[in-house]
Amino acid sequence: MPSLLRHLRFLIALQLLPALESGEETLVGGQAVLEGVMMRSPHAWGISVRRPDGTISTHAEPLERLSEKHKWMGWPVVRGVITLGQAMVLGFRALRYSADVALGAIPAGESPVPKKTEISPWVAALNIIVSLGFFIFLYKFVPLVAATQLKNVYPAFGNQVLFNAVDGVIRIALFLLFIWGVSLMPDILRVYQYHGAETVFAFESHDPLTIERAQLYSTFHPRCGTSFLMTVMIISIAVYMLFPMHGFVAKFLLRIALLPVIAGLSYEMIRFAAKHGQSLFALLTKPGLWLQRITTKPPSDDQVECAISALNEAMELEKVRGGELVIA
């Protein structure tokens with residue numbers, strides 16, 4: 001039974017992956033993992049996880065910046081889709097590493113891996129496909145079914161604007177219910193504490209990276225994955241209204257086809273909002289910041305210690321890689 005519960009904990013964290021990670025090619029970002037934090041910089045990533053004996057296991061690897069190899073991957077909107085895909089793969093690897101450490105599979109004093117946290121491409125692809133399938137089913141298929149049933153009972157909902165508004169409200173309600181429901185699980189509540197937002201804020205403010213200084217900062221960050229997902233859901237309501245499709249299958253396929261476009265647009269909006277706090281786009285991202293009251297919790301000092309350790313790991317390797325960090 002304990003093994004089953006541990007596996008369930010990992011699977012839930014995997015479904016929360018888009019909400020936990022903050023993928024950004026040119027800025028510092030973090031991601032909550034099991035009993036630790038993963039931090040990424042433009043050319044490196046580091047992870048620190050608390051072992052069962054209380055010590056910290058750390059690991060760092062270089063990170064390939066795809067837009068430097070392929071210029072088109074740095075184009076607006078496109079870069080959001082590419083960065084999100086890379087962040088999902090990296091997030092999965094970080095979760096696997098943290099699960100091994102947190103569950104005692106990697107004992108203290110033992111090197112976790114000689115070079116890289118290698119994971120079979122098939123395993124990573126399968127898990128990401130499952131996670132994406134869950135997202136499409138719960139937030140695309142189910143809301144569309146519910147809105148279609150309401151339209152059948154109340155013909156007034158057949159109006160293009162009203163139908164997509166109802167579809168969007170149901171989608172957001174399901175998202176909030178899922179996020180809130182899993183937050184009631186003690187293990188997931190601890191994951192919500194390991195977010196590292198306060199440490200990123202301290203870094204961006206050029207403050208010393210100490211526990212005392214980091215604890216002075218907010219746990220709500222505009223580049224949090226929760227803000228990204230909420231922005232995706234809000235933007236999708238407006239985008240779907242632009243396409244007057246008829247028939248359930250056509251509407252469902254449209255929602256799948258437009259997912260990369262909406263993700264790219266949301267990425268650009270959050271990126272702009274992070275740099276222009278008084279803009280209209282910043283106002284539109286506010287719901288995501290409010291939602292972080294559920295998905296982030298005040299960390300303890302030992303949790304902040306993990307976040308600082310992970311950021312230092314990434315920073316040290318970033319210096320070796322010759323990258324200069326860009327502060328939002």
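Predicted model: local features only at pLDDT ≥ 70, side-chain atom pairs only at ≥ 80, totals over all residues.
Trainee: What makes up the protein in terms of helices and strands, and how much of it counts as buried?

Mentor: The protein has 15 helices and four strands, and of its 328 residues 52% count as buried, a word that here requires under 20% relative accessible area.

Trainee: Why are helix α6 and helix α10 called roughly antiparallel to each other?

Mentor: The axes of α6 (residues 160-183) and α10 (residues 225-241) cross at roughly 165° and come within 8 Å. Angles over 145 degrees count as roughly antiparallel, and therefore the two helices are described in that way. As for handedness, α6 passes α10 in a right-handed crossing.

Trainee: Which residues make that contact, and how do they divide into nonpolar, polar and charged?

Mentor: On the α6 side they include V161, A165, I172, F175 and L176, and on the α10 side L229, M233, I237 and Y240 are among them. The residues of the contact divide into twelve nonpolar, four polar and two charged.

Trainee: Which residues of helix α11 are buried, and why are they said to lie on the same side of α11?

Mentor: In α11, which spans residues 248-257, the buried residues are K251, F252, L254 and R255. They cover an arc of only 160° around the axis, so they are placed on the same side of α11.

Trainee: What does the face of α11 turned away from the buried side carry?

Mentor: That face carries V249, L253 and A257, which are exposed, and for that word the relative accessible area has to be over 50%.

Key
Residues numbered from 1 in each chain as written. Heavy atoms only, no water. Buried < 20%, exposed > 50% of the residue type's maximum accessible area, 1.4 Å probe, protein only. Arc of directions from axis to C-beta. Axes fitted to C-alpha atoms, helices over the stretch in contact; angles between N-to-C directions. Parallel < 35°, antiparallel > 145°, perpendicular 65-115°, else oblique. Left-handed = near helix turned anticlockwise from the far one by under 90°. Contact = heavy atoms within 4.5 Å. Nonpolar A, V, L, I, M, F, W, Y, C, P; charged D, E, K, R; others polar.
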